[in-house]
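The following note sets out points for discussion on the structure shown below. The points run from the overall form to individual side chains.

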Amino acid sequence: MSGELEQILLQLTQPDNAIIQQATAQLKLAFKDPAIIPALCAVMTGSQNTQIRQSAAVMLRMRVKKHWKKISPDHRESLKAVVLKAFQQETEHTVRHSLSQLSAVMVKHETPDRWPALFTLLNQSTKSNNPMDRQVGLLLLSKVVESNPEPFKPHYRQLLQLFGTVLRDLDNPTAMYYSILTLTAMTAYTGTEEMNLMRSLIPTLIIALRHLIKADQDQASEAMEVFDELMESEVSIMVPHITEIVHFCLEVSADTTLTDSLRVKALSCIAFLIRLKSKTVLKQKLLNPILQTVFPVLSAAPPPGEEDPEDEENSNEDDTDNESPKHFAAQVIDTMALHMPPEKLFHQLMPLTQACLASDNPYERKAGLMCLAVLAEGCADHIRTKMLSSMLQTVCQSLSDSNQVVRSAGLFALGQFSEHLQPEVSKYCAELMPLLLGYMSALNQAKIGHVTKAFYALENFLENLGSEIEPYLPTLMETMLSALSNAENLKLKELAVSAIGAIANAAKEKLVPYFLPVIESLKGFLTDTRDEMRSLQTQALDTLSVLARTIGKEVFSPLAAECVQLGLNLTNTIDDPDLRRCTYSLFSAVSTVSPDCLNPHLTAITTIMLLSLKSTEGVTAHLEEDKTFVLLDDDDDDDEAQGDTILDEEGTDNVDPDIAGFSVENAYIDEKEDTCDALGEIAFNTGAAFQPFLESSFQQVYELRDFPHEDVLRAAFVAMGQFCRAQHKVWQENPTEADHQALQKLLGVVLPSFLEAVHSERERQVVMGVLEAMNAVLKACQGEALQSPGRLQEISQAIRDVLKKRTVCQDGGGDEADDEEQQAEYDAMLQEFAGEGIPLLASAVPAETFQPYLNELLPLIMNKAKLSYTVADRSFSVGTLGEILQSLVNVSGGRACAGKLSNQLLPVLVAGVRDSDSEVRNNSVFALGALAQAAGPLVARDYPMMLSLFSNLLSKEQDRRVIDNLCAALCRMIMSNMEGVPLEQVFPALLARLPLKEDMEENKTVYSCLAMLYSQNPALVLSQIKPIVSASSHVLGTNDLDTETQNTLVMLLRDVAQRHSKEFEVAMKSLPAEQKMKLTGAVSQS
């Protein structure tokens, strides 16, 4: 048979389609015969034609992979012998490669201990004196270990010793390459006993890589993945050698003669190390050498006649596959900003940045701006409080630079500042808006690439302006609406649609006058089915979602049902992940305005959304070679194959040896993330109507808790929390036992998975999302979330571990005394999310139950109030203390608990009232008021000291929010223990500071206090009726008061007007006419 087989294989290589088709048909027939295995073996070892030997090896591999169970035991044994024999006699590399892949597939089924001859061959060849034999042995070794690393574990020590020798054989770079590939495959399975051996290999490995770079840059680039693998699975192996590794990666990054891919590998390795081990990087004094190398890469000019990818006119903004060293150099600085204390970073970084900004070379100026831009996210607090105006000035100057490359970078920086430096950056509205509107006025003349950057900056700036946008609305909307109706360019329309979304976020119901023309345009885009409209449609859906959330229920509700229908039509007719993602977001926005519109469609909506979560679309396996032969192996067209797969317990091979790796397209990642977000919100807003879909939705989301991408993972955890809150809401609205059990069952699955993630998840962003989701569940479900025995203790323990930096994402177990005060801002933010859980626990259970846990947690919070900590830390510390005291007001045993804590807390809060930062003062004043309210008479002895402190502050405080909180704190003191306050002095001083200007929520406290005083001491209130009437006239009928407080105030004034009409009339006289009318109206309405 082998002769015919060779003939058929030869025909497959002919350039004639008809011959190939005929040969394929013959081959399919031949595959029905069990003798195909020995025949292929014979061709593989006997044919003179290299290509045919290789084809035979590839076909055998496919046969083995799919149908190992069907191959008879005799054939299996002979195959094992033949493969090794062929491997030893083969001289062609391509065939050897295919043979090693065939062996790799066999090792999956036939573990090494059942194939001793394989070991013998590996042993002989890898130790041979002939360099070629060694190289070939190592090729075979790398393939079989990659295919199934675990069975080789007993031999790891021996292998590591072998690599120690091979990696020193600098004249045989290919052998080094195969050794490093094998090492990479083993890393994830290495146990503690091999650690030291592996650690000692690192210096040798670095030397080997240096030589491999000289010999073959592509191989070296692949071999450098060994570092990624080590960092992923066992970073402690690298820590002792971190200095050598960083210096090696810096050498590679700086060498412009090397390929981009190699330099990018080196830069991303540095970024990864900073992410995992920023403290070590700082301690080993590596920050400066890294910056000295990264800056020249960041500021390099592109080759003559070329531009950087982001500056090319037709560059696609969403094209994130910018694999250039320059792009990764910026990422290194971005990673530093996210993972290092700003003080330490800026000290070394700013001189380099300033030198760039002052340079005559436009690419250096661009580098300086890019650097400022990427600092904004990670070092936001530091920039906002210490250097915002000078940095903004630099960026604004760059917008009028003579070079467009610099102007573009300036717009990017402004967009980043607007996104991350709120609310301070919005205060520069008057300076920035004219610059940005200047760009808008020249829309049609400018190049679209540059206009895109101007829109990016404008949108991010507008988004957060709030009511400050009002004076600019007419100009902005005229520009955008004219672009929608007149622009030829679809990209320009898309930018305008996106900008309208940003404008709506700020303007809210003030956008109503423009609503109809905007909606007409959006509908037009959404019903146009041409392919080129796709990205404009995606944007239109996004903006429609923003309008649903911002324009006001009355205006949007009439459109809600039509929006749902539009969305369903789009998902039914167009298969596009971005479009689906935005449709789901639209459904979820509609659920906030009129959930009833979704109810009839929930079956259809949840069905497509769950398909999006299940789908593996967009996950691409990278095959190692072109699969010419796949057409031959269609499972033999017989039913038996079906049975074979079901019975075959090895049929679920996770790793296909032909697959060199997976990549997931960003669009599908975004789709999964947004699907989770939308499902959770829809479940919560549609309530009981969602019940039939809750379990299947939860199951699908829960399965994503190991998803390899952090954004999807975070969204899955957040959605799990939403499902708990949805179930709780349903149970509260209709308290049945079945719903109560369903809630407890959900909480019993979700909370343990939250706690597990807090302890063991590596990505800080994910843990922040989990803590936020857990806080939302605690806030909604209160004591219900703590029913399970031990749950309160577990949650308190998790909070404590985060505050003590003991979790995996905090590089747990680090140096305890490691200048604790300085840390990256995001690390501090993580601790804030944990701290926010404490007041929620305090308000969910009786005070005596929580007291032992509170005693452990309080010192960790109070510690951050020290002056050596940052403003953000101090503000968080006293703010959390205030929230905890506020929680104790309403729980049983709260008063006694607050009384016990007062001696401990007073010194911290009093120091906070004297802080130089207004936010710290504000939170401390609030906390003292909350202490008075919670502890009441138990802190009566401290009233004189508190009053004198407040009186002192009131005489000199400039910040309006602090003054508002002072008024509220005095009111809490009065309501809690009136006897302790000398009202004759305090009451007039308090009224003199009304109406409140910034913290309107405290109006409730102030007017509740007034009402209480009027009921207990009417003469006092009457004596001050003039300032009371004046203050009331400012707040009645406005949004500054909630309905309940409005009613309280109106009742009080009405009573005064009836019982003491003369005094009331006198007080009214001094009011301006408009306010007089408003008050008279309010009081006389019955």
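1. Overall dimensions. The model is a predicted one. For 1086 residues, a compact globule would have a radius of gyration near 31 Å, and the value of 35 Å for the protein chain agrees with this. Along the principal axes, the C-alpha trace spans about 120 × 75 × 65 Å.

2. Secondary structure and contacts. The protein chain contains 53 helices and two strands. Of the contacts with a separation of 6 or more, 75% are between residues 24 or more positions apart.

3. Burial and surface. Of the 1086 residues in the protein chain, 56% are buried. The accessible surface comes to about 46000 Å², and carbon and sulfur atoms hold 51% of this area.

4. Helix H50. This helix covers residues 1025-1035, and its buried residues are Ile-1025, Ile-1028, Val-1029, Ala-1031, Ser-1032, Ser-1033 and Val-1035.

5. Asp-528 is placed in the loop between helix H27 (515-526) and helix H28 (534-550). The side chain of Asp-528 makes a polar contact of 2.8 Å with the side chain of Arg-530. When neighbours within four places in sequence are left aside, Asp-528 is in contact with Met-533 and Gln-537.

6. Salt bridges: the count and a network. The count of salt bridges comes to 41. A network of salt bridges links Asp-308, Glu-310, Asp-311, Lys-326 and Lys-366.

7. Lys-510 and Glu-470. The side chains of these two residues meet in a salt bridge, at 3.8 Å from N to O. Lys-510 lies in the loop between helix H26 (490-507) and H27, and Glu-470 in the loop between helix H24 (448-463) and helix H25 (473-486), so the pair ties together parts that are 40 residues apart in sequence. Both partners are partly exposed: Lys-510 has a relative accessibility of 36%, and Glu-470 has a relative accessible area of 41%.

8. Asp-575 and Arg-580. In this salt bridge the closest N and O atoms are 2.6 Å apart.

9. Arg-714 and Glu-673. A salt bridge joins Arg-714 to Glu-673, with 3.5 Å between the closest N and O atoms. The pair links distant parts of the chain, since Arg-714 belongs to helix H35 (residues 710-733) and Glu-673 to helix H33 (residues 666-686), 41 residues apart. Arg-714 is partly exposed, with a relative accessible area of 23%, while Glu-673 is buried, with a relative accessible area of 14%.

Methods: Residues are numbered from 1 along each chain as its sequence is written. This is a predicted model: local features need pLDDT of at least 70, side-chain atom pairs count only at pLDDT 80 or more; totals for chains, interfaces and linings use all residues. Side-chain values use heavy atoms; hydrogens and water are left out. Helices (H or I, at least four residues) and strands (E, at least two) are DSSP runs, numbered from the N terminus. A polar contact is a pair of N or O atoms within 3.5 Å; within protein, one must be able to donate a hydrogen and the other to accept it, and residues adjacent in sequence count only if both atoms are side-chain atoms. Contact means heavy atoms within 4.5 Å. Buried means under 20% relative accessible area, exposed over 50%, partly exposed in between (1.4 Å probe, protein chains only). A salt bridge is a side-chain nitrogen of Lys or Arg within 4 Å of a carboxyl oxygen of Asp or Glu. The radius of gyration is taken over C-alpha atoms; the globule rule is 2.2 Å times the number of residues to the power 0.38. Accessible areas come from the Shrake-Rupley method with a 1.4 Å probe; for residues, only the protein chains shown count as cover.
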